[in-house]
Amino acid sequence: MRVLLVEDDPTLRAQLRTGLEEAGHVVDEADNGRDGHHLGATEAFDTVILDLGLPVLDGLSVLRRWREAGLTVPVLILTARDSWHEKVAGIDAGADDYLAKPFHMEELLARVRALIRRSQGLASPLLQCGAVALDTRSGRVAVNGQPVTLTSHEFRLLSYLMHRPGTVVSRTELTEHLYAQDFDRDSNTIEVFIGRLRRKLPPELIETVRGMGYRLAAPS
Ligand code: CA
């Protein structure tokens, strides 16, 4: 999944980026509120991690502007320790969750997983589609209980589709959500990865919807 990280502390930002990338996400980052606001308003993300204390434009203003513009992306705010009023203001401004500094990376990753699946109406961290199971906590994929080894690209693509069973997803949408902004995006590579997934998984799992994109066969 693609995550926007807006945090001005370079050490924390680097730690968060590493943790998110190790968990299989792609990350775009900004070190101030103005750039963060612009990225969130113009690019497609699956979740946003937003520090509230930011230079140029504070996090609460960023969040309010996004919500006023109708942006529904899940937002996790980072607040100062013991600052209950920041949490209240953040939730009232449209935050979906919060985490007070300092926090453990594992907790942040669990909250990000929950935000992403809840934004798709999914309650369980174990995603199942026919014979295929994807555990969002461990990043493991199995077919009929037998583990399948996927590359990080293949996993991201499958995870995106498995969060949206039965929905047609265009190649443009996949390209936007599977690569960071600075990546050389080419929607033809999506086709290559779909082909690889079809060889590793039951071939009927991913349908091609001509002229529109791909759809994960909803389990009957
Ligand atoms: Ca800060």
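Asp-135 counts as buried in this predicted model, because its relative accessibility is 15% and the cut-off for being buried is under 20%. The residue sits in strand 7, which covers residues 132-135. Once the neighbours within four places in sequence are set aside, Asp-135 is in contact with Pro-125, Leu-126 and Arg-140.

Not counting residues up to four places away in sequence, His-25 touches Met-1, Val-3, Leu-20, Val-112 and Ile-116. Leu-20 turns up again in what follows, as one of the residues that helix 1 uses to meet helix 5.

Helix 1 (residues 10-22) and helix 5 (residues 105-119) have axes that come within 10 Å and cross at roughly 55°. With that angle, the two helices are therefore oblique to each other. As for handedness, helix 1 passes helix 5 in a right-handed crossing. On the helix 1 side, the contact is made by Gln-15, Leu-16, Gly-19 and Leu-20, while helix 5 brings in Met-105, Leu-108 and Leu-109. Sorted by type, the residues of this contact come out as 5 nonpolar, 2 polar and no charged.

Helix 6 (residues 152-162) and helix 7 (residues 171-178) pack at an angle of about 120°, and their axes are 11 Å apart. These two helices are therefore oblique to each other as well, and helix 6 passes helix 7 in a right-handed crossing. The residues that meet are Arg-156, Leu-157, Tyr-160 and Leu-161 from helix 6, and Glu-173, Leu-174, His-177 and Leu-178 from helix 7. This contact divides into 5 nonpolar, 1 polar and 2 charged residues.

Of its 11 residues, 9 are buried, so helix 6 is largely enclosed by the rest of the structure. The buried set consists of Glu-154, Phe-155, Arg-156, Leu-157, Leu-158, Ser-159, Tyr-160, Leu-161 and Met-162. Arg-156, Leu-157, Tyr-160 and Leu-161, the residues that meet helix 7, are included in that buried set.

Next comes the metal site. The calcium ion is coordinated by Asp-8 (OD), Asp-51 (OD) and Gly-53 (O), at 2.2 to 2.4 Å. Along the sequence, these donor residues follow the spacing D-x42-D-x1-G.

Val-56 has a positive phi of about 70° although it is not a glycine. For context, most residues other than glycine have a negative phi, and most peptide bonds are trans. Val-56 is exposed, because its relative accessible area is 60%. Asp-58 has its place in the loop between strand 3 and helix 3 too, but this residue is partly exposed, with a relative accessible area of 34%. Asp-58 and Asn-32 are 26 residues apart along the chain, yet their C-alpha atoms are separated by 8.1 Å.

Asn-144 is found in the loop between strand 8 (140-143) and strand 9 (146-148), and it counts as exposed because its relative accessibility is 61%.

Finally, there is a peptide bond to point out. Lys-101 and Pro-102 are joined by a cis peptide bond, with omega at about -5°. Pro-102 lies in the loop between strand 5 (97-100) and helix 5, and helix 5 is the helix that helix 1 passes in a right-handed crossing.

Technical notes:
Residues are numbered from 1 along each chain as its sequence is written. This is a predicted model: local features need pLDDT of at least 70, side-chain atom pairs count only at pLDDT 80 or more; totals for chains, interfaces and linings use all residues. Side-chain values use heavy atoms; hydrogens and water are left out. Donors are N, O and S atoms within 2.8 Å of the metal (3.2 Å for Na, K and Ca); water is not among the atoms, so sites may look incomplete. Axes are lines fitted to C-alpha atoms, for helices over the stretch in contact, and angles run from 0 to 180 degrees between N-to-C directions. Helices (H or I, at least four residues) and strands (E, at least two) are DSSP runs, numbered from the N terminus. Angles under 35 degrees count as roughly parallel, over 145 as roughly antiparallel, 65 to 115 as roughly perpendicular and the rest as oblique. A crossing is left-handed if the near helix is turned anticlockwise from the far one by less than a right angle, and right-handed if clockwise. Contact means heavy atoms within 4.5 Å. Ala, Val, Leu, Ile, Met, Phe, Trp, Tyr, Cys and Pro count as nonpolar, Asp, Glu, Lys and Arg as charged, and the others, Gly among them, as polar. Buried means under 20% relative accessible area, exposed over 50%, partly exposed in between (1.4 Å probe, protein chains only).
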